[in-house]
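I'm opening my notebook on a new structure today. I'll jot down what I look up, one bit at a time.

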Amino acid sequence: MKICCIVSLALVALSAAALRAADLSVFAAASLTDALKELASAYESESGDKLLFNFGGSNALARQIKEGAPVDVFFSADEVQMDNLAKADLIDPSTRADLLSNTLVIVVPKDGPGELTPAELTGPLIKRLALADFRSVPAGVYAREYLTKLGLWTAVESKVVPTENVRAALAAVESGNVEAGIVYKTDAAISKAVKIAYEVSASEGPRISYPVAVVKGTRNAGASKRFLEYLKSEPALAVFKKFGFIVRQ
Amino acid sequence: MRSAEWEIVGFTFAMALLATFAILPFGVGLAWLLARKSWPGKSVVETLVALPLVMPPVATGLILLKVLGRKSPIGAFLQEHFDLEMVFTWRAVVAAMAVMSFPLLVRGARIAFEAVSPRLEQVATTLGATRLRVFMTITLPLAHRGIIAGSVLSFARALGEFGATILVAGNIPGRTTTLSVSIYSDIQLGHDGDAFRMLVVSVVLAFVAVWTSEWLFRRSTPAA
Amino acid sequence: MNLKFTNVSLRLKGLTLKLDVTLDKQVTALFGPSGSGKTSVLELVAGLRRADRGVIELDGLALTNVCQRIFVPARKRAIGYVPQDLALFPHLTVGQNITYGVKKLPASVLDLSREKLCRVLEIDRLLDRMPSSLSGGEKQRVAFARALLTSPRLLLLDEPLASLDQSLKERILPYLKLIRDEFVIPILYVTHSASEVIALCEDVVVLQAGKCAARGKPADLFALSDTRSYRLRAL
């Protein structure tokens with residue numbers, strides 16, 4: 001009798017554990033902030049899981065994952081950072097997906113010029129240019145790649161104010177402390193204090209890719225994979241499109 | 001250590017020195033007022049002076065950003081009339097260091113002044129000395145070791161300043177990168193070896209500065 | 001000298017000082033127990049403290065007049081002050097200490113040359129020494145010299161012999177007599193020692209709880225008791 005009781009209690013406990021909602025820790029690029037926050041509420045009510053985001057420069061996030069931060073999903077703004085983690089065997093390669101792309105734009109404060117071409121960035125009107133740190137943060141790396149391709153990088157480099165992530169570059173332009181900045185089109189879209197002065201077309205711009213993957217050390221493999229599947233679903237992609245991301249099909 | 005790294009150390013040292021000299025007259029003057037005078041609202045002043053010591057440095061940095069940025073009255077004024085940019089330049093580095101280390105200078109100098117017996121100053125006045133002469137010939141000479149100790153400590157604080165600096169001066173290679181900011185950015189880039197070297201330099205500098213300051217504090221004996 | 005206190009009043013911790021006297025002898029003692037406000041009286045005369053009410057005049061000129069908002073700052077009063085702890089400047093030599101006030105005061109009543117003063121007070125060999133290296137008696141004499149060299153109109157001495165042992169007291173007393181007789185400078189002498197009053201002063205104001213309890217010649221107010229020391233007569 002007693003053994004029966006213990007066993008049934010154990011079974012109840014186990015099933016309860018299986019049904020208990022997961023808390024997913026998601027490290028994502030700063031440019032994904034608004035889109036992910038919007039989809040989070042829908043996902044949370046649908047799945048019962050809770051999403052805990054950490055937004056920042058993808059390089060800083062990758063660094064934290066390398067140092068052993070307890071993370072379930074990594075959503076990077078470039079391949080380089082994801083590759084770094086793959087090389088260190090920290091992600092589950094079978095779950096890796098290249099979901100989104102983005103467009104680079106040159107932004108200026110609301111009261112700035114209506115149009116500003118890349119070549120004009122070398123001119124005297126532009127004293128300071130905000131970029132996410134071009135040595136490591138994806139947005140900055142893409143911007144440098146683009147300007148180098150145009151042969152403008154050396155002329156522009158001395159004007160660059162490197163920021164911690166792309167949203168910080170956006171904030172610098174919003175504050176008026178710099179004359180221009182290069183950010184993603186999706187960042188410019190959510191800001192009311194800047195306007196787009198130039199859009200880098202997909203053909204002339206760098207290849208931008210946002211890979212996502214489940215991190216190997218996760219304790220919630222099932223819930224993490226469910227979340228990734230959700231990100232590929234129609235409702236999620238619609239949210240990304242709404243914010244201006246390019247969906248790769 | 002590469003030459004670029006030594007340049008960063010040199011830059012940080014120079015900016016901290018500039019910041020310390022800039023706050024010296026104000027800090028010593030305010031310390032004297034706090035030590036010798038009383039007025040309504042004195043406790044408010046004391047609290048305000050101590051704030052940068054206690055507030056999160058980034059919060060102080062944010063205030064500086066708003067106050068010195070282009071859109072602020074001060075920033076706009078400087079830009080229009082002197083074509084002077086504050087934020088994202090070495091001037092912002094000096095400003096951040098000055099604000100963050102000011103409380104330490106005031107504290108050290110105030111203690112030094114309080115240690116000078118007012119009786120000595122009183123006797124000097126009866127002997128015909130003006131307030132300025134009393135300050136220059138009695139108060140200052142007797143307080144100078146404590147003031148120097150406070151300055152050295154404040155200089156050390158300026159050397160290590162990070163939170164406010166990175167916000168208001170950014171991390172512009174070759175222009176505003178200080179020792180602490182370079183350690184941070186090396187870590188961000190994964191250059192641990194570089195970060196560690198700079199870490200050693202900053203520990204050595206801090207150790208020497210604090211040790212010197214403590215030694216000076218010990219040697220400044222109160223007036224006989 | 002003529003030092004006149006008219007309705008002078010000062011609120012201190014624990015008591016209120018009230019003085020309405022005129023001092024016109026050369027050496028006047030201010031006698032009373034500790035806490036009776038004696039040091040505060042000296043501070044009022046020296047200009048280191050402001051009275052709440054009243055008028056203080058020296059030789060006819062107002063130093064302090066609260067109603068008329070007159071207050072001559074200490075540095076212009078030409079009044080020498082030797083506090084109880086002497087307050088020698090520890091970072092200056094003896095020579096620098098004693099000449100600190102010279103040439104900074106308005107025209108003096110007497111011309112005291114440094115040589116004479118140093119000789120009389122026997123500190124001429126000490127001029128290059130630092131105050132911390134001096135004996136108690138030497139420090140005392142240096143403090144006197146510093147105050148005297150400015151040729152003050154009035155000398156305020158706050159318990160000059162209080163912290164000295166008996167033998168030292170006996171050695172310094174002659175110097176005080178010398179200052180009184182040789183330099184003829186008016187002195188206001190604060191003390192709680194009856195024998196010092198008898199030895200040096202012509203006039204004594206007895207202060208009790210901030211008020212003048214008695215006034216007169218030392219001989220009238222003090223009597224030799226059985227124990228061969230002077231005591232204040234019953235008031």
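This is a predicted model: local features need pLDDT of at least 70, side-chain atom pairs count only at pLDDT 80 or more; totals for chains, interfaces and linings use all residues.

Below are my entries, going chain by chain.

**Before I start**

I looked up the strand order first. Chain A has an open sheet of 5 strands, ordered S7-S6-S8-S5-S9, and the pairing is mixed. I had to remind myself that strands of a sheet pair through backbone hydrogen bonds, either parallel or antiparallel.

Which strands stand at the edges? In chain A they are S7 (160-163) and S9 (194-199). Each has a single partner strand, so one side of each has no neighbour in the sheet.

Next I zoomed in on one pair. Strand S6 (residues 129-132) of chain A runs parallel to S7(A), and the two pair over 4 bridges. Within that pair I found Leu129(A) opposite Val160(A), which sits in S7(A).

**Chain A, helices on the sheet**
Helix H5 (residues 138-149) of chain A packs on this sheet. H5 touches S5 (104-109), S6, S7 and S8 (180-184) of chain A, and its direction makes about 120° with that of S6(A). Then I followed helix H7 (residues 166-175) of chain A, which lies across S5, S6, S7, S8 and S9 of chain A. H7 runs at about 145° to S8(A).

**Chain B, overall**
How many helices and strands does chain B have? I got 10 helices and 0 strands. I looked up the box for its C-alpha atoms too: roughly 65 × 40 × 30 Å along the principal axes. Of the 224 residues in chain B, 42% are buried. For contacts in chain B between residues at least 6 apart in sequence, I noted that 77% join residues at least 24 apart.

**Chain B, one helix up close**
I picked H3 (residues 57-68) of chain B. This helix has 12 residues and reaches 16 Å from first C-alpha to last, close to the 16 Å expected at 1.5 Å a residue. Its buried residues are Thr60(B), Gly61(B), Leu64(B), Leu65(B) and Leu68(B). Looking down the axis of H3(B), these fall within an arc of 145°, so they line one face of the helix. What covers them? The cover includes H2 (42-54), H4 (73-82), H5 (90-114) and H8 (163-169) of chain B.

**Where chains B and C touch**
Last entry: the contact takes 20 residues from chain C and 17 residues from chain B. On the chain C side, the largest share, 3 residues, comes from strand S8 (residues 79-82) of chain C. I sorted that side by type and got 12 nonpolar, 5 polar and 3 charged residues.

Key: Residues are numbered from 1 along each chain as its sequence is written. Chains are lettered from A and ligands numbered from 1 in the order in which they are written. Two strands pair if DSSP finds at least two bridges between them. Two residues are in contact if their C-beta atoms, placed from the backbone, lie within 7 Å. Axes are lines fitted to C-alpha atoms, for helices over the stretch in contact, and angles run from 0 to 180 degrees between N-to-C directions. Ala, Val, Leu, Ile, Met, Phe, Trp, Tyr, Cys and Pro count as nonpolar, Asp, Glu, Lys and Arg as charged, and the others, Gly among them, as polar. A residue is buried if 20 or more other C-beta atoms lie within 10 Å of its own, exposed if 12 or fewer, and partly exposed in between; C-beta atoms are placed from the backbone. The expected span of a helix is 1.5 Å times one less than its number of residues. The arc is that of the directions from the helix axis to the C-beta atoms.
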